[in-house]
Amino acid sequence: MGKWLQIPCKVNLVLFLQSHVNRIVKVPKEYFWKRLRAFDKIQTLLPKTIKEVKIPDNFSNSPGDVRYVYLEKVYQGEVIERLDGFIEEKHMSYSVIDKSCLPVENYVSTVNIKQASQNCTEVNWYGHFRAEKKHKDETVNMFKFNYNLICDNMEKQFNEEKSQS
């Protein structure tokens with residue numbers, strides 16, 4: 001009988017993953033939508049994470065427009081995001097295009113909002129992407145953290161604006 005030669009093989013399994021946050025944000029729906037749709041102003045919602053945002057001269061805040069986001073925390077470098085589309089005051093989608101400093105590929109995000117009460121908005125924020133199995137928990141949790149941080153910062157900034165008026 002022959003012997004089988006076993007050669008160790010390192011396989012990077014790629015998984016299709018999803019991050020999801022469903023929560024009530026204590027701001028009026030109109031306020032949430034206005035801040036979310038200011039696609040060029042993402043740095044105002046993640047000020048400690050984003051070092052800089054560059055916007056092309058022809059930026060019009062319309063589907064197809066891109067923003068160049070430069071991160072300075074855990075993943076340092078450039079992320080190019082494209083506004084894919086929106087339904088006014090209900091839904092927005094965007095995606096990461098080209099290579100980025102994040103350990104994911106094919107990232108697409110959708111944000112659905114609806115009025116929960118006069119001063120509260122229900123938010124369903126999804127991210128769909130591919131990542132290596134070894135990055136599964138890290139990437140899923142990273143996006144959930146950022147979705148929640150954006151919502152928290154929006155509440156904080158809304159309350160600051162309200163107290164100044």
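Figure 1. Let's start with Cys151, which counts as buried at 1% relative accessibility. Here, buried means under 20% relative accessible area, exposed means over 50%, and partly exposed is in between, using a 1.4 Å probe on protein chains only. Cys101, in contrast, is partly exposed, with a relative accessible area of 21%. What is the closest cysteine sulfur to that of Cys151? That would be the one in Cys120, but it sits 12 Å away, too far for a bond. A disulfide needs a pair of cysteine sulfur atoms within 2.5 Å, and a search of the whole structure turns up zero of them. Some ground rules: residues are numbered from 1 along each chain as its sequence is written, and side-chain values use heavy atoms, with hydrogens and water left out. Because this is a predicted model, local features need pLDDT of at least 70 and side-chain atom pairs count only at pLDDT 80 or more, while totals for chains, interfaces and linings use all residues.

**Figure 2. The protein chain from end to end.** There are two helices and seven strands here, and from the N terminus on they run β-α-β-β-β-β-β-β-α. Helices (H or I, at least four residues) and strands (E, at least two) are DSSP runs, numbered from the N terminus. The C-alpha trace spans about 85 × 35 × 30 Å along its principal axes. Of the 165 residues, 42% count as buried.

Figure 3. Look for Val66 in strand E3 (residues 66-71). Is Val66 buried or exposed? It's buried, with a relative accessible area of 16%. Arg82 is 16 residues from Val66 in sequence, yet their C-alpha atoms are 4.3 Å apart. Leaving aside neighbours within four places in sequence, Val66 is in contact (heavy atoms within 4.5 Å) with Pro56, Phe59, Ile80, Glu81, Arg82 and Ile97.

**Figure 4. Inside the largest nonpolar core.** A nonpolar core is a set of buried Ala, Val, Leu, Ile, Met, Phe, Trp, Tyr and Cys residues joined through side-chain atoms within 4.5 Å. Helix H2 (residues 136-164) gives the largest share, eight residues.

**Figure 5. Tyr107 and Phe143, ring on ring.** Rings of Phe, Tyr and Trp (its six-membered ring) pair if their centres lie within 6.5 Å; planes under 30 degrees apart count as stacked, over 60 as edge-to-face and the rest as tilted. That rule gives nine aromatic pairs. Tyr107 and Phe143 are stacked, 4.5 Å centre to centre with 20° between the planes. The pair links distant parts of the chain, 36 residues apart: Tyr107 is in strand E6 (residues 105-117) and Phe143 in helix H2. Tyr107 is buried at 3% relative accessibility, and Phe143 is buried at 6%. Both belong to one aromatic cluster, along with Phe39, Tyr94, Trp125, Phe129 and Tyr147.

**Figure 6. Two arginines over rings.** A charge sits over a ring if NZ of Lys or CZ of Arg is within 6 Å of the ring centre and within 35 degrees of the ring normal. The charged end of Arg37 sits over Phe86, 3.7 Å from the ring centre. Arg67 lies over the face of Phe39, at 3.6 Å from its ring centre.
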